[in-house]
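User: Hi! Could you walk me through this structure? I'd like to start with one of the helices.

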Amino acid sequence: MTATWLIARRELAGFLRSMSGYVIAASALFVQGILFNALALGPDQNRLSTEVLSQFFWVYSGTMIVVSVLLSMRLLAEERQTGTIVLLASSPVREYEIVLGKFFSSLIFLILITLPSVFMPLLVLVNGKLSLGHVATGYLGLFLLGSACLAIGTLGSALARTQLLAVIISGGMIAGMILLFPLGSLTERPLNDIMLAMGLWHRHFPPFQSGLINLRDVVYYVAVTYFALFIAIRALEARRWR
Amino acid sequence: MIEVDKLTKYFGERAAIRDLSFSIARGEVIGFLGLNGAGKTTTLRILGCLLLPSSGTVRVDGLEVTQNPYEIRRNIGFLPDMPPLYPEMTVGAYLAFAARLRKVPRQNVAAAVAYAEEKTALREVHGEVIGELSHGFRQRVGVAQAIVHKPALLILDEPSAGLDPAQIVEMRNMLRGLRGAHTVLISSHFLTEISQTCDRLLVIQAGELVGQGSEDELAMAMGRGSSLIEVEVKGQPNDLAAGLAAIPGVAKTRVVSTSESATTWELTANRDVRAQVARTVVTAGHDLLRLEQNERRLESIFMNLTQASPGGPQ
């Protein structure tokens with residue numbers, strides 16, 4: 001486990017030292033700020049605080065997905081592109097330690113750049129009342145969604161040779177998983193039940209958005225994270241054949 | 001220390017290496033010689049447990065690479081053809097990271113980094129960012145990461161690639177400095193470098209081992225004399241050819257060039273016959289202008305081995 005932490009720490013330092021980390025963080029906050037202003041604070045001032053908050057998390061879930069894909073693209077694809085993967089592959093380090101180290105570094109970085117957005121929901125306090133539990137639940141949902149998307153991104157990065165390809169692969173997988181829900185509602189039984197339940201967003205995120213924690217949704221996101229990382233580890237192991 | 005038996009690796013339909021067998025003793029410095037695409041890198045990557053073989057066995061210290069890759073990697077230092085460097089890190093931080101990855105205990109990391117920096121003459125750039133170093137320095141950082149944990153086996157894939165002549169000499173001296181501390185495997189197509197640094201050469205062509213042994217053993221296996229001698233004599237002494245051919249040990253004479261002023265012969269001999277050649281020329285009453293043993297001997301052995309059909313002299 002020390003190797004995981006070692007790799008995560010180096011990667012995190014890489015995020016903090018590279019320009020791209022800050023650019024992604026700044027863009028995310030900027031876009032989020034504008035959308036919060038335009039939609040949540042919007043022209044209609046006679047709304048309940050919970051509605052505003054719910055809309056904030058609704059918007060943020062989209063930002064979260066894009067940011068996760070962008071953060072995770074470099075994780076393994078960049079190492080392969082620059083040849084540094086050999087340093088890890090020739091060391092007594094197991095594949096799961098590499099994948100987990102990479103994943104945790106991006107997760108920590110995602111949390112770091114999400115924290116500054118807390119001022120937005122707190123702004124609601126200026127004119128209204130706010131349930132802090134609702135805020136915490138919304139952020140928990142964002143955290144779970146972000147972790148699932150980062151895991152899928154890590155998988156894309158493990159499969160791809162270049163970062164561009166990694167973005168395309170993970171973006172495609174995430175879009176496909178989101179679209180399972182709308183497609184499921186057009187499909188017949190019994191397939192539709194499965195597709196509706198497997199959708200990445202429509203069924204599982206909105207409860208968090210409105211302040212509800214369902215064990216079902218938590219388990220879903222944890223399971224997606226687990227399976228994506230599991231396949232990423234297998235993909236990395238399979239690389240030793242080529 | 002290393003036992004390779006019938007090692008074969010396929011990439012799709014194409015065999016990168018076929019039925020490769022050799023063994024390496026502890027402390028040996030081995031040169032792995034071959035043209036680009038001959039299968040050197042593939043073999044080294046398998047020995048470094050980066051790649052799995054299609055068939056055959058590779059044992060490092062009695063451990064099988066497919067069964068115990070994790071244990072083997074603890075004792076291996078690997079430098080790929082492109083050094084695996086993180087450009088944003090400083091040399092010191094990078095080496096410390098490499099040492100920790102190779103399970104050097106935390107309290108020994110500083111000493112390990114100091115050892116690697118001393119062996120590779122990197123002290124002065126300890127605090128510098130790798131991305132800003134010259135190519136020669138980066139190559140040395142690559143070697144330093146491979147030795148930082150004092151591995152028993154050191155695998156260096158083309159350590160001199162892309163270096164200028166001065167840096168090649170530096171690298172050669174550095175590699176000599178590693179002798180004794182590690183079993184070293186160096187791949188290269190720089191013949192002169194490899195013959196000066198290594199105890200033994202393995203010549204590989206189209207995925208097969210076409211020759212192994214010291215430079216002299218390879219020359220013997222090629223059925224050639226151990227030396228090629230060039231003699232340049234003033235004028236056109238036509239009577240000299242028979243005299244040169246009659247020197248004991250000379251197998252073949254050949255006129256390389258001839259002009260009004262001088263004639264040059266190339267003699268193939270099974271031992272060093274320079275003294276006899278000089279005497280023959282002078283006693284025949286001619287002026288000896290130049291007499292030299294061919295410096296490019298290894299190159300010709302190499303060309304001969306790699307041009308011969310696979311499965312040639314061993």
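User: Which residues of H1(A) are buried?
Analyst: The buried residues of H1(A) are A:Ala3, A:Thr4, A:Ile7, A:Ala8, A:Arg10, A:Glu11 and A:Phe15. Buried means that 20 or more other C-beta atoms lie within 10 Å of a residue's own, while exposed means 12 or fewer and partly exposed is in between; the C-beta atoms are placed from the backbone. Helices here are DSSP runs (H or I, at least four residues), strands are E runs of at least two, and both are numbered from the N terminus.

User: And where do they sit around the helix?
Analyst: Looking down the axis of H1(A), its buried residues fall within an arc of 165°, so they line one face of the helix. That arc is taken from the directions from the helix axis to the C-beta atoms.

User: Before we go on, what kind of model is this, and how does the numbering work?
Analyst: This is a predicted model, in which local features need pLDDT of at least 70 and side-chain atom pairs count only at pLDDT 80 or more, while totals for chains, interfaces and linings use all residues. Residues are numbered from 1 along each chain as its sequence is written, and chains are lettered from A and ligands numbered from 1 in the order in which they are written.

User: Thanks! How many helices and strands are in chain B?
Analyst: Chain B has eleven helices and 14 strands. Of its 314 residues, 42% count as buried, and its C-alpha trace spans about 75 × 45 × 30 Å along the principal axes.

User: In what order do the strands of the six-stranded sheet run?
Analyst: The order is S6-S7-S8-S3-S9-S10 in chain B, forming an open sheet with mixed pairing. S6 and strand S10 (208–213) are the edge strands, each pairing on one side only. Two strands count as paired if DSSP finds at least two bridges between them.

User: What's going on around S7(B)?
Analyst: S7(B) pairs in the parallel sense with S6(B) over four bridges and with S8(B), also in the parallel sense, over five bridges. B:Phe78 stands opposite B:Ile155 in S7(B), and B:Leu156 has B:Ile186 in S8(B) as its bridge partner.

User: New topic: how many residues of chain B are in contact with chain A?
Analyst: 23 residues of chain B are in contact with 19 residues of chain A. Contact means that the C-beta atoms of two residues, placed from the backbone, lie within 7 Å.

User: Which element gives the most to that side of chain B?
Analyst: H3(B) does, with four residues. By class, that side has 15 nonpolar, two polar and six charged residues. Nonpolar covers Ala, Val, Leu, Ile, Met, Phe, Trp, Tyr, Cys and Pro; charged covers Asp, Glu, Lys and Arg; the others, Gly among them, are polar.

User: Does B:Leu101 count as buried or exposed?
Analyst: B:Leu101, in helix H3 of chain B, is buried because 24 other C-beta atoms lie within 10 Å. Leaving out residues up to four places away in sequence, B:Leu101 touches A:Ala3, A:Leu6, A:Ser91 and A:Val93.
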